[in-house]
Amino acid sequence: MHRLTVEEARQVAVRAQLLDADRPPGLLDVVDRLALLQLDPTAAVAPSADLVLWTRLGAAYDPADLQQALDVDRTLFEMHATVRPMADLRLFRARMERAPAYRQPREWLAANQSFAADVLARLRDDGPLLSKEIADTAEVPWASTGWTGARNVTQMLEVLCGRGQVAISGRREKQRLWDLAERVYPADVEVLAFDEAERERDRRRLRALGIARAKTDQSSVEANDVGEAGEPAVVDGVPGEWRVDPAQLDRPWTGRTAVLSPFDRLVHDRRRALELFGFEYTLEMYKPAAKRRWGYFALPVLHGDRLVGKVDAAADRKAGTFTVAAVHEDVPFTPDVADAVDAELAALAGWLGLELRR
């Protein structure tokens, strides 16, 4: 049982997410270490995946590099709103063989076998295609009170992607292009036994997080818990047991300052962020403006091993400006912290190619 101070636990978490002073060498190294990049269409500052990569790589990162890796080199693949290393496809093959895992999509697919066959035939003959270029021949519409309601083609593509039958082959004007998986994925992907693949995914997740709960609150994109991966640990002043990646222990520490995407994995588990960093955060873009405390797409601020505030900022590409409406200090900034945050915001504006306005 490892016993960590809360400062040591925070440093483990920050270093595992490649947010310490030792920057990684390149894009593929980042995605491999983080295990995934979450995709989100919101681009109040920049698309989340690009912002996560810039935060790790700095000005050397070009968004075209991500598209090259996805669409041309095939070193990365996109699935269910995430980007992952193509080498990790083997960790999903066993899941694909069991998909759909949930009752509603499983029953819906069973009721729409001819629709599924139509989609696969269309892609076989004419792929890659946008979803809107595929006819909707569903016998039973997809039922949802959310944004997926009656979006039958998109939902069928997602289900078939989960089964490993179709895949995202690229993008056309930011819209996904779909094709048969056999034309996107390598032909020689190893298929691990289901339990072995799940254990390896837990290990990969813990390597990316550094320290996490064995079981905890879940998110819709990627689990926040890590099962029995790593070794047990307790954190002084924080109740309960943790799992820690032993490779992250007893290493020298040098921090830096960074502004993060709201979807950054350092803060995505809101419960862990509160327990280890004392950091309260809610993504407020779904709230009415009058009820927001920090802003539509507030960027968490990391300084060393502390999450110290939020930046309410927005990019206006037509006007050529990156406007910082407010910097919310969770703890009063010292002059050094204020200067470091200002420098990071200036660097972000420079990378965006926009004029910084306060």
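Helices (H or I, at least four residues) and strands (E, at least two) are DSSP runs, numbered from the N terminus. This is a predicted model, in which local features need pLDDT of at least 70, side-chain atom pairs count only at pLDDT 80 or more, and totals for chains, interfaces and linings use all residues. Residues are numbered from 1 along each chain as its sequence is written, and side-chain values use heavy atoms, with hydrogens and water left out.

**View 1. A four-stranded open sheet.** The strand order is β1-β8-β9-β7, with mixed pairing; two strands pair if DSSP finds at least two bridges between them. β1 (2–4) and β7 (211–212) are the edge strands, each pairing on one side only. Two bridges join β7 to β9 (residues 238–244) in the antiparallel sense. Opposite I211 stands V244 of β9.

**View 2. Helices on the sheet.** Helix α1 (residues 6–16) lies across β1, β7, β8 (231–235) and β9, and runs at about 100° to β1. Helix α11 (residues 270–277) touches β7, β8 and β9, and its direction makes about 110° with that of β9. Contact means heavy atoms within 4.5 Å; axes are lines fitted to C-alpha atoms, for helices over the stretch in contact, and angles run from 0 to 180 degrees between N-to-C directions.

View 3. D305 is in the loop between β11 (299–303) and β12 (306–316). With a relative accessible area of 12%, D305 is buried (under 20%; exposed is over 50%, partly exposed in between; 1.4 Å probe, protein chains only). Not counting residues up to four places away in sequence, D305 touches E7, R10, Q11, V14, W253 and F277.
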